[in-house]
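Try each task before you read its solution.

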Amino acid sequence: MAEDIETKVIKAKKASIELSSISEEVKNRVLKAMAEALDKERKIILEANSKDLEHAAGLKDAGKLTQALVDRLKVTDSKIDGMIAGIRDVIKLKDPVGETLSTLELDRDLILYQVSCPIGLIGVIFESRPDVVPQVMSLCLKSGNATIFKGGSEARESNRTIFDILVRAIESTEGMPKGAFQLMETREEIMSLLSLDAYVDLLIPRGSNEFVKFIQDNTKIPVLGHTSGICHIYVDEFADLDTAWKVCFDAKVQYPAVCNAIETLLVNRSIAETFLPKMAEMYIKAGVELRCDKDSYSLLTKKGLSSFSRATEEDWSLEYNDLILSIKLVDTIKEAIDHINTFGSHHTDGIITENASRRKEFIGLVDSSSVMVNASTRFADGYRYGKGAEVGISTNKIHSRGPVGMEGLLIYKYILMGKGQVVADYAGENAKPYTHRKLDLKFEDVN
């Protein structure tokens with residue numbers, strides 16, 4: 001088994017070299033074929049997904065799968081529309097490969113170019129969501145990266161079907177290398193993949209915090225990702241209440257099973273009596289389980305509300321991915337910021353305020369990859385950020401941060417163009433000086 005996996009990975013690694021130099025015209029032609037193939041094969045995709053959903057229902061009943069993962073697993077016509085739209089948006093994006101990032105003259109006729117290039121071979125390991133396959137494949141293809149996919153067993157039929165449809169479209173297009181995209185399906189294959197640091201350049205895990213941490217702890221390959229999405233909104237004393245009610249409701253209820261939905265609502269004590277009862281009623285009516293700190297629990301009890309419980313200390317560190325929300329009253333914006341930086345996961349956090357100085361303070365001091373002002377945390381998404389789609393969301397502080405699109409799939413190389421210069425001429429007692437002059441030149445214009 002391990003030898004078969006290594007053969008697949010080596011094949012993809014070799015194909016990544018060829019893929020890195022494919023023209024934008026060919027890439028866009030392939031992406032168009034991928035979108036058309038998904039549209040044409042809707043029935044097959046939905047049939048495969050129904051098998052996964054049936055199997056997942058049994059796993060949920062047995063306590064082996066959460067409702068959040070079941071929700072992520074489901075594919076509908078609308079989700080297929082979204083997959084197609086994501087691919088078509090990637091077609092519109094400028095080809096990022098070969099872009100000149102900087103040009104520096106070291107000396108006359110000795111020019112140094114910094115040029116963007118693909119990372120190489122990327123491993124994407126994910127749970128549940130089959131729509132990850134077209135999202136990531138389209139971005140990796142446009143950025144010239146070969147990719148190994150490994151989805152969760154709960155989505156095996158869906159992943160395999162979508163992957164096969166897309167790869168047929170890719171490899172039937174003239175000018176495309178074969179083997180650049182590979183699919184793995186077992187846990188044993190994951191463990192083998194994690195050991196192949198000689199071939200795989202980057203891993204992108206997407207799933208629960210336990211899952212991502214497992215990947216990080218069991219490989220030497222660089223890992224881009226986030227371990228959890230513990231997101232907050234702080235409702236400031238200078239908040240517009242209509243804005244606060246609307247945004248806070250959306251941030252929890254619109255789609256609770258995702259990493260950018262809020263898990264904790266922080267409310268300034270001075271407006272809590274005016275803001276919180278109506279907010280709680282809206283949540284409870286939508287089926288949200290509220291877990292309140294001592295003060296918010298007391299306030300809602302006095303207002304005659306029910307169907308909520310006391311939060312524990314553990315709640316502040318939990319990613320529910322469900323219709324569950326913890327609530328805490330705070331006295332100051334500093335207390336809110338301290339809570340977010342202590343218990344949050346540096347993913348996405350927001351403030352509702354009309355006060356410019358409060359807004360500035362929150363933006364400057366909250367240590368998160370995305371900070372929202374008077375807007376839902378649900379906007380933290382590659383597609384919504386105009387990236388076409390996303391390969392994941394990163395809370396790393398190196399390489400890429402936040403929703404990662406094609407820019408996170410690129411590095412760069414230096415290209416030095418000279419005319420016989422040697423270092424010996426620039427060293428020693430009579431060394432020639434370097435000019436180190438920035439130039440407005442593009443490498444693509446070099447003859």
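**Exercise 1. Find how far apart the centres of the positive and negative side chains lie in the protein chain.**

Step 1: count the charges, with Lys and Arg as positive, Asp and Glu as negative, and His and the chain ends left out. The protein chain has 57 positive and 67 negative side chains.
Step 2: place each charge at NZ of Lys, CZ of Arg, CG of Asp or CD of Glu. The centres of the two sets lie 1 Å apart.

A note on the model: it is predicted, local features need pLDDT of at least 70, side-chain atom pairs count only at pLDDT 80 or more, and totals for chains, interfaces and linings use all residues. Residues are numbered from 1 along each chain as its sequence is written, and side-chain values use heavy atoms, without hydrogens and water.

**Exercise 2. Work out what share of the protein chain is buried.**

Step 1: call a residue buried under 20% relative accessible area, exposed over 50% and partly exposed in between (1.4 Å probe, protein chains only).
Step 2: of the 447 residues, 53% are buried.

**Exercise 3. Describe the two sides of helix α9.**

Step 1: locate α9 at residues 209–217, where F211, V212 and I215 are buried. Helices are DSSP runs (H or I, at least four residues), strands likewise (E, at least two), numbered from the N terminus.
Step 2: these buried residues line one face of the helix, because they fall within an arc of 95° seen down its axis; the arc uses directions from the helix axis to the C-beta atoms.
Step 3: the face turned away carries exposed E210 and D217.
Step 4: the cover over the buried residues includes β3 (121–126), α8 (187–194) and β6 (202–206), with contact meaning heavy atoms within 4.5 Å.
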